2 protein chains.
Amino acid sequence: MATRGGKLFHRIKINPPQFFALGFLLLIALGTILLMLPIATADRHHLSFIDALFEATSAVCVTGLVVVDTQTTFTLFGQIVLLCLIQVGGLGFMTLTVFIALLLRRNISFEERHLVKESLNQDSYQGIVTMVRFVLLFTIICEVIGTIILGIHWGDEFGYPKSFYYGLFHSISAFNNAGFDIMGDFSSMTAYVDDPIVNLTLTSLLLLGGIGFIVVADIFQKRKTRKRLTLHTKVVLWMSAVLVVSGTLLIFLLEYGNPATIGNLSWNDKLLASYFHGVVPRTAGFNSLNTADLTLGSQLVTMALMFIGGGTGGTAGGIKVTTFAILLFAVWALIKGKQEVNIRNRRIPGDLVFRAFSITTYSVLLVSLFVFLLAITEKGAALNYIAFEVLSAFGTVGMSLGLTPDLSESGKILLSILMFMGRVGPITIAFALAFRIRKTAVRNPEERIIIG
Amino acid sequence: MATRGGKLFHRIKINPPQFFALGFLLLIALGTILLMLPIATADRHHLSFIDALFEATSAVCVTGLVVVDTQTTFTLFGQIVLLCLIQVGGLGFMTLTVFIALLLRRNISFEERHLVKESLNQDSYQGIVTMVRFVLLFTIICEVIGTIILGIHWGDEFGYPKSFYYGLFHSISAFNNAGFDIMGDFSSMTAYVDDPIVNLTLTSLLLLGGIGFIVVADIFQKRKTRKRLTLHTKVVLWMSAVLVVSGTLLIFLLEYGNPATIGNLSWNDKLLASYFHGVVPRTAGFNSLNTADLTLGSQLVTMALMFIGGGTGGTAGGIKVTTFAILLFAVWALIKGKQEVNIRNRRIPGDLVFRAFSITTYSVLLVSLFVFLLAITEKGAALNYIAFEVLSAFGTVGMSLGLTPDLSESGKILLSILMFMGRVGPITIAFALAFRIRKTAVRNPEERIIIG
Ligand SMILES: [K+]
Ligand SMILES: [K+]
């Protein structure tokens, strides 16, 4: 199968990342058409092509930025179309990540093959089937549990069986890190700021979906065999914990005296809301506080978390926690004057450090470019509003200071492009670098220049 | 001498970058004391410690951000103190850069030694003397020519010999990329927006000072011997030209219809003002338009140019054009799926690419941290105002949207620290990496993680 798949790619002259991007584009096109159907929108209120394209892109890329309110604009049909796009987009991303890795395993380095193999304990056709089954099973279990908890909890408020539909929608949205909600009037979870069940269920789902199934597979595996976890798993778990704790703490401290957000809440609710807002930027896109009311400091913390994102091979976006971890340890090595990057008594290979730097540089340039372009198309919009929406789109987060629904047509098109690039970009680069053709043609002579 | 110098550093247990930073700190301390003297300020208006520290740091680091207006606050004595700090700071930075390189030439790689040697045509004690003489001579010639041109030009306006003092002050300020002015009321060059002589003299001076004397030395050298210029020189010249042209063009396009800036000027003056504002962010800090009136797009272009800065070993700040060039070519190689970074048929060594990434990452993290800190200390300030001043301080530029004089005490201290770090940081890192001790202790076993 691996060989057959490899041959197929070879024959149609398309490389796996391109194949992957193409699949997403087709899904977005299908979604756009479906969302433009009159039965998709309430009161037969036809959606414009650009709005439908934006919504479909946002759903497929599990971003969650919306130009219209989901609950009031879409019919049940429209909402289910969105839900399907989210589920296929999220699952597709998760499975394709390793599908590609397995397909091309002959070209990847021994260490990487070993890592994928160790995580999945398979490296054949059987491996792909096992992996897809594992991802599907894990997804379904998480989403079903979420649906049941939320469905029962919301029973009084929405009545049965409607409460289960609400539970299903928000569970799928949370697990896939999509951040779409059907609470109406762009309100997201603001009505549940002090509701621990809603807060904890949603954050658990989005963390499980966003951590990356490579980590989940490794943990399940090692629980049986009692072998040590891979460095990858340890880094993701540690880094995620550090980010959740520091995000929560920073939001708590920065909003403590802000009456528009948590200032007037009880101590417990202050903590709950801070925790929620420390977690959602990576990269779920719900909000229980009015994001635009956050202090500029909290908005910047949120932007940083959105840029970093979640784990590789999950539903999260951003440059990924592992990339960020390598950056941090590389800068630390720099400060200490060390030549090599070490994490927890393990040396990180130089090419991996190079890749982490490349992905980050590409991402910073991309984000900067789009901030600049939106500063031109959205006259009068403040920089924090523009930067926030751009980082939200890039990190496929979906949080908003409220600018997105008011965007110009060009602005909507720009953000659609960025949502797509934010979703497929980093993984494409990572793969391009990993599977880079080793053969060297005639090399140029070397010459140094002076920098810094 | 090289050996003696090396032994000296070894004996006092301080490495050259630390020695360099210490010298700057002592100079700042001296400047702070002098500026706090009653005779330094007009009407015996005593400067507070924090304001004096800020001004001294800004002068020594040739930044040009000011918390008080230079002309109305300082006496002639105070202004001359500032001028001396600027000249010593600028010259010191230029000479120390290669002084360190020559001192440690035994530890630097063969290629780098060759590059420094080729640029200076010397690699001994004689080399240091030649180099310092060359830098001094070049500085004096440029500043004298600038003083004469501006002194004559401003004769009618200020009267002789005062006009020559004005010429001297602004020539020194321009050549050293300091951006201090004595035009009063924070007005900088706004009165001369349509004056080609002032505009072209100042931009020529700041470009000559900012391009880095390594390039100047190389050009002087090669003009005699008719050999090909080093790749370093070519990259600096090309990249500078690209940045000047694209900066000018972008400002022109973005401000064309803005009546608060160039909207009501003639076509020629529009171009002149755009050229001035395309050049000054790298990193002179003058302005002929009211910076706060620029469109957000132009402000962002300015911020990007401030971050990039000028040439290594000159008076400019920022990550430097060579660093930026390597980044661009590295991302380009990435997109093309190439394994190596090539510029103009020359291969850039991997460790140099790694250094460029490191400097940039460190800089982005530093800038982000300070934007965040100022967002906390400066309540109510808009993000573009904060980001602009932070990038201006980091890049030792000195342009301002007007926030600096209104900063809180903590804000002033933060920006002082950042001006210092922006000046000594990138070069310290570059040297630390270049002279990194090669010996490897017990190495950790290698392990890969998955990123992107
Ligand atoms: K999302
Ligand atoms: K400056």
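Biologist: What share of the contacts in chain A with a separation of 6 or more comes from residues 24 or more positions apart?

Modeller: Contact means heavy atoms within 4.5 Å. In chain A, residues 24 or more positions apart account for 71% of the contacts with a separation of 6 or more. This is a predicted model, in which local features need pLDDT of at least 70 and side-chain atom pairs count only at pLDDT 80 or more, while totals for chains, interfaces and linings use all residues. Residues are numbered from 1 along each chain as its sequence is written, chains are lettered from A in the order in which they are written, and side-chain values use heavy atoms, with hydrogens and water left out.

Biologist: How many helices and strands does chain A have?

Modeller: Helices (H or I, at least four residues) and strands (E, at least two) are DSSP runs, numbered from the N terminus. Chain A has 18 helices and two strands. Residues 356-376 of chain A, one of the stretches that the unreviewed UniProt entry annotates as "transmembrane region", are 100% helix, with end C-alpha atoms 31 Å apart. UniProt annotations may be inferred rather than shown by experiment.

Biologist: Which residues touch the most other members of the largest nonpolar core?

Modeller: A nonpolar core is a set of buried Ala, Val, Leu, Ile, Met, Phe, Trp, Tyr and Cys residues joined through side-chain atoms within 4.5 Å. Buried means under 20% relative accessible area, exposed over 50%, and partly exposed in between (1.4 Å probe, protein chains only). Of the 238 residues in this core, those touching the most other members are Ile386, Val390 and Leu415 of chain A and Ile386, Val390 and Leu415 of chain B. Helix α16 (residues 350-377) of chain A gives the largest share, 14 residues. Beyond its neighbours within four places in sequence, Val390(A) is in contact with residues including Phe370(A), Leu374(A) and Leu415(A).

Biologist: Why does Gly395(A) count as buried?

Modeller: Gly395(A) counts as buried because its relative accessibility is 0%. Gly395(A) lies in the loop between α17 (383-394) and α18 (409-434) of chain A. Leaving aside neighbours within four places in sequence, its contacts are Thr283(A), Met306(A), Gly317(A) and Gly318(A). The C-alpha atoms of Gly395(A) and Met303(A) are separated by 9.2 Å, although these residues are 92 apart along the chain.

Biologist: How much of chain A counts as buried?

Modeller: Of the 452 residues of chain A, 61% count as buried.
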